Amino acid sequence: MPLPSEKSSEKNVSALLDERRTFPPSAAFKKSANWNDPAIYDRAAKDPEGFWAEQAKNLDWFTPWTRVLEWNVPWANWFVGGKLNVAYNCVDRHAHSARRNKAAIIWEGEPGDSRVLTFGMLEREVNRFANALKSLGVVKGDRVAIYMGMVPELAIAMLACAKIGAAHSVVFGGFSAEALRERINDAQAKVLITADGAWRRGTVVPLKAGVDDALTGTPTIEKVVVLERVGKAAPISMKQGRDLWWHDVVAKASGECAAEPMDAEDMLFILYTSGTTGKPKGVVHTTAGYLVGVSTTHRNVFDIKEDDVYWCTADIGWVTGHSYIVYGPLANGTTTVMYEGTPDFPDRGRFWELIDKYGVNIFYTAPTAIRTFMRWGKEFPEKYKLSSLRLIGTVGEPINPEAWIWYNETIGHGRCPIVDTWWQTETGCIMISPLPGITATKPGSATRPLPGIIAEVVDIDGKPVGPGGGGYLVLSKPWPSMLRTIYGDPERYVQNYWSRYAGKYFTGDGCKLDADGYFWLLGRVDDVMNVSGHRISTYEVESALVDHRSVAEAAVIGKTHEIKGQGISAFVTLKEGITASDALKDELKNHVATKIGAIAKPDDIFFTAELPKTRSAKIMRRLLRDIAEGRVLGDTTTLADPSVIARLKDQAKDEG
């Protein structure tokens with residue numbers, strides 16, 4: 001696997017590491033920020049266990065811990081002996097306080113319907129469904145699969161599982177029946193919670209039909225609870241003795257339910273991540289450490305205030321939704337927005353309309369979404385005030401500097417700090433990010449590891465690199481929200497994450513350090529190309545392409561080349577009103593050569609109206625590699641629009 005750290009690549013990333021634009025926090029923002037003293041970094045570094053113990057005191061514990069950490073590489077036990085309940089911390093304690101009538105969840109459905117659940121209302125709904133699960137035989141330690149769209153009942157189901165001590169396994173509603181079946185069987189789930197369907201761009205996603213197909217081979221499933229969401233728009237069949245309507249199972253359930261005391265290390269959930277090949281990995285997160293991590297980072301990275309309305313645009317089927325729509329915000333008593341639909345339905349101003357409608361203060365979305373907004377032009381956000389925004393963030397992959405600047409100027413109006421966050425399903429919470437009351441940001445850099453997080457960039461031998469160097473990003477010390485294992489496969493956990501460098505967690509991401517010690521994430525190390533012995537990150541070339549005035553978005557991959565080892569192929573989406581031409585292809589190739597160097601000049605440029613993305617807005621570069629190499633396509637179940645790949649495949653054939 002090639003490293004992005006060898007000397008031959010140093011010239012090629014100079015454009016990134018020489019980024020000189022800086023954006024320090026304003027005096028007014030810094031004054032009122034939750035964390036505004038840089039000394040917090042040193043305090044946390046000198047006593048990380050003391051730091052995390054201090055953060056843990058923000059939660060309510062039934063039994064206090066006796067020891068902060070037991071660490072036997074790679075096995076961690078955090079807050080040893082402590083007992084608490086996640087649902088109690090996210091719902092009950094707020095419902096029995098001055099926050100009882102405060103909005104907990106603001107939900108906007110795609111057809112325009114909306115709903116607000118206060119903490120008091122949410123407590124009642126969670127308790128009713130928790131009791132319904134008990135009536136179906138679910139007990140502490142059981143696994144419950146959830147396969148739903150973005151509706152409040154998804155969060156209610158998760159919290160109900162946590163309330164009674166059952167581990168949930170949320171399966172993204174865009175996955176195929178086969179993918180759902182595989183995840184149910186791996187977790188040996190006892191009950192499945194789903195809906196008749198979900199709305200997406202005015203049409204129905206037939207969830208229950210997929211469930212019926214998936215359950216032809218799932219021997220552990222005893223009951224299926226079905227939420228009625230789309231009704232007559234998509235009639236479904238119900239299997240006698242197995243399938244039950246949500247409204248029926250909660251009709252007679254009590255609104256009172258005591259929270260199950262959970263050991264700090266009891267399993268909270270399993271979330272599956274799929275690699276390029278092989279069986280999906282069931283990442284296990286446990287109770288206390290996870291909640292400490294997500295509540296701490298949510299509160300301080302986003303500088304949460306009591307009256308904030310916070311909106312993360314992710315799908316709860318992914319870890320971002322788990323951590324920063326449900327558990328982090330609710331643990332902090334924050335009003336969290338859930339949206340069922342897409343940013344372009346009924347029109348391309350939908351996100352900005354909702355920000356104004358609900359007075360959203362904190363907005364957290366993906367760089368791929370931002371680049372799409374850039375392509376659509378400023379006319380849509382300019383129709384809205386966006387004056388309520390106080391802070392904006394990005395998540396999912398590195399953000400190109402020019403997209404960062406557009407986001408800052410067009411959405412943040414130059415007054416909102418941007419928190420560019422790096423983390424993973426496995427880390428549970430944000431690991432590298434600016435602190436908005438402390439950090440001077442640079443477009444394209446996630447800046448520094450957060451207090452209490454020890455991260456390094458190491459070379460192929462595991463030795464730390466200095467400023468200007470690059471290599472692999474590793475985490476050198478345990479952190480509370482770290483994954484504990486891969487469900488049912490501890491050997492794979494050790495092999496995947498802890499075998500490369502002794503005592504260090506291998507993230508799989510490439511990273512550079514600039515002269516100020518800022519971290520520049522380069523994406524997965526398998527997204528590093530080896531061109532004539534030069535290591536070039538796909539991200540570097542993508543950033544150069546997006547820097548061109550005609551380009552809205554770009555995805556770059558390495559393609560086998562008999563002379564150079566790998567050549568560079570770029571898939572480019574142009575801004576609206578720009579016409580594709582051979583002359584523009586040549587101009588873009590030369591633009592990259594000017595920005596990075598001749599070695600990075602793309603061999604091929606394909607213009608495309610859309611790039612293949614997951615529903616969480618990540619570009620599927622491995623599928624682009626399959627197309628470029630003429631291989632059989634890998635798993636496409638996570639794609640938001642599978643037809644994009646089919647069109648690209650035909651286009652590559654025609655142009656090849």
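In this predicted model, helix 7, spanning residues 152-164, packs against helix 12, spanning residues 319-331. The angle between these two helices is about 55°, and their axes lie 11 Å apart.

- The crossing of helix 7 and helix 12 is right-handed.
- On the helix 7 side, the contact is made by Ala155, Met158, Leu159 and Ala162.
- On the helix 12 side, His322, Val326, Tyr327 and Leu330 make the contact.
- Of the residues in this contact between helix 7 and helix 12, seven are nonpolar, one is polar and none is charged.

**The chain as a whole**

- The chain contains 20 helices and 30 strands.
- A compact globule of 656 residues would have a radius of gyration near 26 Å, and the chain, at 24 Å, agrees with that.
- Taken along the principal axes, the C-alpha atoms of the chain fill a box of roughly 70 × 55 × 50 Å.

**Burial and contacts**

- Of the 656 residues in the chain, 62% are buried.
- Counting contacts in the chain between residues at least 6 apart in sequence, 71% join residues at least 24 apart.

Technical notes: Residues numbered from 1 in each chain as written. Predicted model: local features only at pLDDT ≥ 70, side-chain atom pairs only at ≥ 80, totals over all residues. Heavy atoms only, no water. Axes fitted to C-alpha atoms, helices over the stretch in contact; angles between N-to-C directions. Helix = DSSP H or I, 4+ residues; strand = E, 2+ residues; numbered from the N terminus. Left-handed = near helix turned anticlockwise from the far one by under 90°. Contact = heavy atoms within 4.5 Å. Nonpolar A, V, L, I, M, F, W, Y, C, P; charged D, E, K, R; others polar. Rg over C-alpha atoms; globule rule 2.2 N^0.38 Å. Buried < 20%, exposed > 50% of the residue type's maximum accessible area, 1.4 Å probe, protein only.
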